[in-house]
Amino acid sequence: MKKMTLITAALFATIIAANAQSSAQASQTVTLNLQNSIDIAFTAATGTDFTFTNTGDYQNGLTNLNASSLQVKSNRPWAVTVGSASANFNGPAAPSPAMPSSVLGVRLNGGSSFGALSTSAQSLTSGDRGVSSFSVDYNANPGFSYDAGTYTLSVIYTATQQ
Amino acid sequence: MCYTGIRTNRLLARNILMLLFCTSAVHAQNSQNNITLTALNTGFILNSVASIETQQTRANAFQIAVNSRNSANFSIRARVSSSTSSTGTPFPASMLALRLNTTNPPVTANLNTITLSTTDQLLQQITSTKNNITFNYDLLLAPVGYSYAPGNYNFTILFTMTQP
């Protein structure tokens, strides 16, 4: 009798469990392919003009601190180089002497010395993956060798994944 | 006493036979519950700054066909059951989300975006007279950003249909 009661109770429990929940499952794999990505952009460029108004400016040169700010986005470690697009500034025509790009120097903001620009890229800074920002200082020191006028130079920043 | 005991045993045996019948009927009904998953567009290739910085959407990525033994009530849940990567750093499951696009036939359903996790998230709690319903889901990938190294990342999403 006791055995029959136990069996009955067990069957009840089975039925309750079976009725409690029924389910079905299916799964799928989602694939994400993350490729190399890097970008560099100016976020500010407020110090790219120099106006030489007196002999002191020509004698000592002019410095613009935080002349430009740049932002690098990269999903790998990166490095930035800087160079000039041309060997000389665009300026007054001959016989005015050509002003070489080395008249303009650049450094990471707060750095100790300016590197004279040339068409050969020079290292500027580097960083780890993520979004990073930095600023640069410019120094222009033409001396007294060039005619008065407006001189322009394109400066190229190149970000490369390491 | 003996006669009474025999009658009691017969009664219990009859009940047991009835219970056995009921049990087999439940199992038969269970076998009619099923969920069929069709993945139509579940891959992401992020090859530009724009694609890394913005939410990516794969419309109608999943087609979930549900056959319910009891048309009155059922739920659908989903979770990321596993994730792997070629870089050794897996993405968090919360990078993925699901959003109902359409159902066929039309039923009253949850249209909210459901962010996935490693535990079951309720996608739908359906009360309908329809036995067979197909749910078309969009797959959303949150902006990945630049914190993750290039490589392949895999997620396995497990869908579960349950009837109370």
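User: How much space lies in the largest pocket?

Analyst: In this predicted model, the largest pocket holds about 600 Å³ of space.

User: Which residues are closest to its centre?

Analyst: A:Phe50, A:Phe52, A:Phe89, A:Tyr151 and A:Thr152 are the closest to the centre, out of 26 residues that line the largest pocket.

User: How do the lining residues divide into nonpolar, polar and charged?

Analyst: The lining of the largest pocket has 18 nonpolar residues, six polar ones and two charged ones.

User: Turning to the cores, how many residues has the largest nonpolar core?

Analyst: That core has 44 residues, and B:Phe62, B:Phe135 and B:Phe159 have the most contacts inside it.

User: Now the open sheet in chain A. What is the strand order?

Analyst: The five strands run β2-β3-β8-β5-β6, with antiparallel pairing.

User: Which strands stand at the edges?

Analyst: β2 (38–44) and β6 (115–116) of chain A do; each has a single partner strand, so one side of each has no neighbour in the sheet.

User: How many bridges join β5 to β6 there?

Analyst: Two bridges join β5 (residues 104–108) of chain A to β6(A), and the two strands run antiparallel. Within β6(A), A:Gly115 is the bridge partner of A:Val106.

Definitions and conventions: Residues are numbered from 1 along each chain as its sequence is written. Chains are lettered from A and ligands numbered from 1 in the order in which they are written. This is a predicted model: local features need pLDDT of at least 70, side-chain atom pairs count only at pLDDT 80 or more; totals for chains, interfaces and linings use all residues. Side-chain values use heavy atoms; hydrogens and water are left out. On a 1 Å grid over the protein atoms alone, a cavity is a set of points where a 1.4 Å probe fits but cannot get out, and a pocket is an open set with protein on both sides within 12 Å along at least five of seven lines; lining residues have an atom within 4 Å of a point. Grid points are joined across faces, edges and corners, and a volume is the space filled by probe spheres set on the points. Ala, Val, Leu, Ile, Met, Phe, Trp, Tyr, Cys and Pro count as nonpolar, Asp, Glu, Lys and Arg as charged, and the others, Gly among them, as polar. A nonpolar core is a set of buried Ala, Val, Leu, Ile, Met, Phe, Trp, Tyr and Cys residues joined through side-chain atoms within 4.5 Å. Buried means under 20% relative accessible area, exposed over 50%, partly exposed in between (1.4 Å probe, protein chains only). Two strands pair if DSSP finds at least two bridges between them. Helices (H or I, at least four residues) and strands (E, at least two) are DSSP runs, numbered from the N terminus.
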